[in-house]
Amino acid sequence: MSSATAPAAPRTELPGAPQLAYRDGGLHLEEARLEVLAQAYGTPLFVYSKAAMLAALAAYQHGFAGRAVQICYAMKANSSLGVLQVFARAGCGFDIVSGGELARVLAAGGDVGKVIFSGVGKTRAEMRQALTAGIGCFNVESEAELDVLSDVALSMGLTAPVSIRVNPNVDAKTHPYISTGLKGNKFGVAHEDALRIYRHAASLKGLRVVGIDCHIGSQITETTPYLDAMDRVLDLVASMEHAGIAIEHIDFGGGLGINYNQDAPPAADALWRELLAKLDARGYGGKKLMIEPGRSLVGNAGVCLTEVLYLKPGEQKNFCVIDAAMNDLPRPAMYQAFHAIVPLAPRRDIQEATYDVVGPVCESGDWIGRDRTLAVAAGDRLAVLSAGAYCMSMASNYNTRGRAAELLVDGAKVHVIRRRETAADQMRHEQLIQD
Ligand SMILES: *Cc1c(COP(=O)(O)O)cnc(C)c1O
């Protein structure tokens with residue numbers, strides 16, 4: 001095969017949590033040997049480290065020590081019940097974007113009073129559901145939504161707590177599909193319209209204005225966009241206070257990036273040290289804060305295990321066909337995203353070659369990694385790293401592929417938090433035509 005080189009030692013610096021490491025010739029997550037889990041539970045298989053999630057959360061808690069802050073895990077990053085349970089037990093609230101996510105919070109034992117509801121397209125039914133449950137705040141994204149929410153609340157004899165999502169018009173310098181704080185994005189209300197819209201909100205009988213929020217994008221690896229967004233939001237808070245509109249909390253959203261490859265995002269505590277210094281300097285240090293981190297809490301706490309089905313040498317490319325695909329790991333197909341791919345049991349007995357690592361789905365977009373140097377044979381198992389966020393929660397059944405099983409590792413303990421989906425599971429809600 002082309003690009004063959006002498007076998008090299010397995011790479012030791014893995015992008016991921018420190019809970020992921022090679023020991024005794026095999027990749028481990030906490031105390032669990034991943035090869036053993038893949039054998040026992042089959043592949044593709046997601047495995048998450050509870051310690052890595054709690055360590056990621058602790059970085060935020062450390063950064064906020066002594067402050068009034070509510071951390072709302074943005075659960076669309078990974079909404080599996082076992083994952084939600086870990087964060088609920090650690091005292092987190094949740095940032096939801098649908099009625100379905102609210103049902104998951106309730107099923108996982110989350111505190112509904114610490115739930116905030118984001119999203120540009122909330123339905124009346126979802127508003128009723130959230131009001132009935134008693135959620136903490138609606139993060140409203142348009143003037144029209146304010147009117148509808150007020151109507152719905154009044155029809156139930158309630159008032160809805162609201163925050164308005166302001167679009168600060170700052171460039172988060174990330175992939176266009178996950179950049180949300182620029183003028184051309186569908187999210188939030190324009191900075192220049194915000195004061196007028198707040199006045200409108202304050203005039204509506206079914207609403208109680210409690211906060212202001214922003215969220216400028218995802219996989220953000222620089223501090224400057226956050227500082228700029230904070231300045232813009234605080235400018236607004238100042239003019240609102242001047243206009244006599246009081247708010248209880250400021251919500252700075254989520255978006256902090258993780259290391260997938262050569263990314264160097266600030267640590268959560270370092271980022272917040274800088275942001276809190278600005279907050280203090282501008283005189284808002286005593287205000288109640290909220291944040292909505294998703295990816296940075298779970299992304300590097302999980303891996304996806306997969307088996308090499310075939311090696312397929314080609315004239316231009318060598319392909320390494322694995323049993324995980326774009327339906328399990330949609331980020332490369334959606335955003336040309338990079339996930340590191342490493343062997344579970346590195347071997348020195350075969351030569352390295354360069355492969356495009358692809359799945360079985362019938363789409364040329366179904367690739368997981370391009371031009372990867374691997375020493376592998378059919379039957380070997382690999383780990384796709386940084387797979388804790390926006391993988392299982394985006395997984396689909398395309399090609400009638402059942403969704404993977406999920407495990408949560410806690411020290412040497414292994415919890416099955418989702419069993420593998422069967423073909424019968426997938427067909428459960430379908431019916432043959434009766435004639
Ligand atoms: C997706 C989202 C988040 C979380 O973003 P991450 O990049 O995963 O931290 C937070 N707030 C809102 C409104 C979102 O849509």
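Predicted model: local features only at pLDDT ≥ 70, side-chain atom pairs only at ≥ 80, totals over all residues.

Reader: How many salt bridges does the structure hold?

Author: The structure holds 20 salt bridges. One of them joins Lys-122 and Glu-145, whose closest N and O atoms are 2.6 Å apart.

Reader: Is Lys-122 buried or exposed? And what about Glu-145, buried or exposed?

Author: Lys-122 counts as buried, at 11% relative accessibility. Glu-145 counts as buried too, at 6% relative accessibility. The cut-off for buried is under 20% relative accessible area.

Reader: Let us move on to Arg-282. With which residue does Arg-282 form a salt bridge?

Author: One partner of Arg-282 is Asp-231, with the closest N and O atoms 2.8 Å apart. Arg-282 sits in the loop between helix H9 (268-281) and strand E13 (288-291) and Asp-231 sits in helix H8 (residues 224-242), so this pair ties together parts that are 51 residues apart in sequence. Asp-235 also forms a salt bridge with Arg-282, and here the closest N and O atoms are 2.8 Å apart. That pair links distant parts of the chain, with Arg-282 in the loop between H9 and E13 and Asp-235 in helix H8, 47 residues apart.

Reader: Which residues are linked in the network of salt bridges there?

Author: The network links Asp-231, Asp-235, Lys-278 and Arg-282. Arg-282 counts as partly exposed at 30% relative accessibility. Asp-231 is partly exposed with a relative accessible area of 24%, and Asp-235 counts as partly exposed at 38% relative accessibility.

Reader: Changing topic: what are the domains of the chain?

Author: The domain assignment gives domain 1 (20-49 + 299-427) and domain 2 (119-291). Their centres, taken over C-alpha atoms, are separated by 36 Å.

Reader: How many residues of each domain are in contact? And what area is buried between them?

Author: Eleven residues of domain 1 are in contact with eight residues of domain 2. About 760 Å² is buried between the two domains, and carbon and sulfur atoms give 56% of that area. On the side of domain 1, Asn-300, Tyr-335 and Phe-338 supply 53% of the area buried against domain 2, more than any other three residues.

Reader: How many salt bridges and how many residue pairs in polar contact are there between the domains?

Author: Zero salt bridges are counted between domain 1 and domain 2. One residue pair is in polar contact across the interface. By class, the side of domain 1 that touches domain 2 has five nonpolar, five polar and one charged residues.

Reader: Last topic: where is Ser-49, and is Ser-49 buried or exposed?

Author: Ser-49 is placed in strand E4 (residues 45-49). With a relative accessible area of 0%, Ser-49 is buried.

Reader: Which residue's side chain does Ser-49 join in a polar contact?

Author: The side chains of Ser-49 and Glu-30 are joined by a polar contact of 2.6 Å. The side chain of Ser-49 also reaches the backbone nitrogen of Ala-51, at 3.4 Å.

Reader: And which residues does Ser-49 touch, leaving out those up to four places away in sequence?

Author: With those left out, Ser-49 touches Gln-19, Leu-29, Glu-30, Ala-301, Leu-408 and Val-409.

Terms used: Residues numbered from 1 in each chain as written. Heavy atoms only, no water. Salt bridge = Lys/Arg side-chain N within 4 Å of Asp/Glu carboxyl O. Buried < 20%, exposed > 50% of the residue type's maximum accessible area, 1.4 Å probe, protein only. Helix = DSSP H or I, 4+ residues; strand = E, 2+ residues; numbered from the N terminus. Domains from an automatic or database assignment. Contact = heavy atoms within 4.5 Å. Buried area = accessible area lost by both parts, 1.4 Å probe. Polar contact = N/O pair within 3.5 Å; in protein donor to acceptor, adjacent residues only side chain to side chain. Nonpolar A, V, L, I, M, F, W, Y, C, P; charged D, E, K, R; others polar.
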